[in-house]
Amino acid sequence: MPEFFNVLPPQQALAALLEVLPSPAPACEDVPVHEALGRVTATDLVSRQDLPTFPRSTVDGYSLRAADTFGATEGLPAYFSVVGVVPMGRAPGVSVNLGEAAGTYTGGMLAGGADAVVMVENTQQVDADTIEVVRPVAPGENVVQPGEDVREGESILPRGRLLRPQDIGGLAALGITSAPVARRPRIAVLSMGDEVVSPDREPAIGQIRDVNSYSIASQILRDGGEPVPLGIVSDNYETQLEAARRGLEHSDALVFSAGSSVSSRDMTADIINALGEPGVLVHGLSIRPGKPAILGMVADKPVFGLPGNPVSAMIVFDLLVRPVIYRLAGCLAIPEPARTAARLDRDLASASGREDYVPVRLRRNGDNGAEELVAEPVFGKSNLIFTLIRADGLVQVPLDKAGLYAGETVTVTLF
């Protein structure tokens, strides 16, 4: 049986692929802002107006002239005549002069002539038309000025920005109801194996239901791609090659599920090389699980051979396919997965020279829910999908370590 040759750590393997991957030029499409979460901006977005467009109060209180409050204390308050109230959502119908104030609400406009707002907590009602101010305010205090948030003509979101909830809110605040975003990268998924059958079928003896097509498609959706399922193909070279060609023709990248090991039955490397230049770039990663993974390029499209075992496939996907999807979408800052620190509750053996990825379950060590977080390894073979289902995240054993010891603080990459 042939051996793995250019076995590389995942980051080096990914770098080898990105080095030959052309700079992305994804097609642009306009989508409503309420559907733009997680999409990548295709152009620079510029504000068409100031935000806010008028002076706004940040508190409930009274708008007035700040200079009239100077020197006010609880022992020697400043007295103001209340000349009206500024209604919410309307232009002020009242103005203030020396010693006058107008009721003002949070988010509302100030009275004409006012340059500050005193909090209602720093006032006392004398009668229906008079208040005492017991604390001075400075000009502009408790007021958001026009353009303080964003100026007209200011760049608000650059090209290649992954849109977050706050970005959507900012666009809505500026009256931008649709956003130019990159088309979702289309990722073809090809599941292979005579033993693999559709989940809606009852497997015969020796057969298994297709897990990877569904988990991989879900990962693609999660990471902003559009899965293109190619179905299940048998262990026949010509059949697999034709399906792969068809998938590449209508997609931006291709993922093989299974067929990445070095047994004579697994032909993925040969198929990738037959699809076009440069072909296979890396065959084998210095990790467990997932060692037999393949990375390649066919013309300007990336191709991945994921192991058939579900745990291996999902881990390799997150390490290698996920960042490429964001790259294909033109995302300039790939989001980091959520991580947390926890104390390992038992030893984890490994072998120096490879990275181990171990599923862990998290629990609180204490009754009140505020004690330390503990990571409990969930052991199981890489073909057992429920190993990941029972886990909350992964702990990486570094390349240069022979293991981790119970009691060590580890970083858990959360699912």
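**The sheet, close up**

Mentor: Start with Leu-295, which stands opposite Phe-304 in β21. This is a predicted model: local features need pLDDT of at least 70, side-chain atom pairs count only at pLDDT 80 or more, and totals for chains, interfaces and linings use all residues. Residues are numbered from 1 along each chain as its sequence is written, and side-chain values use heavy atoms, leaving out hydrogens and water.

Now the strands (DSSP runs of E, at least two residues; helices are runs of H or I, at least four; both are numbered from the N terminus). β20 covers residues 294–298 and β21 covers residues 301–306. These two pair (DSSP finds at least two bridges between paired strands). Their pairing is antiparallel, over five bridges.

Step back to the whole sheet. It is open, with six strands in the order β16-β13-β17-β21-β20-β18. The pairing is mixed. At the edges stand β16 (226–233) and β18 (278–283). Each has a single partner strand, so one side of each lacks a neighbour in the sheet. On average, neighbouring strands are turned by 20° against each other, direction ignored. Axes are lines fitted to C-alpha atoms, for helices over the stretch in contact; angles run from 0 to 180 degrees between N-to-C directions.

Next come the helices. Helix α3 (residues 212–222) packs on the sheet. It touches β13 (186–192), β16, β17 (253–257) and β21; contact means heavy atoms within 4.5 Å. The direction of α3 makes about 165° with that of β13. Helix α5 (residues 268–275) also packs on the sheet. Its contacts are β13, β17, β18, β20 and β21. The direction of α5 makes about 150° with that of β18.
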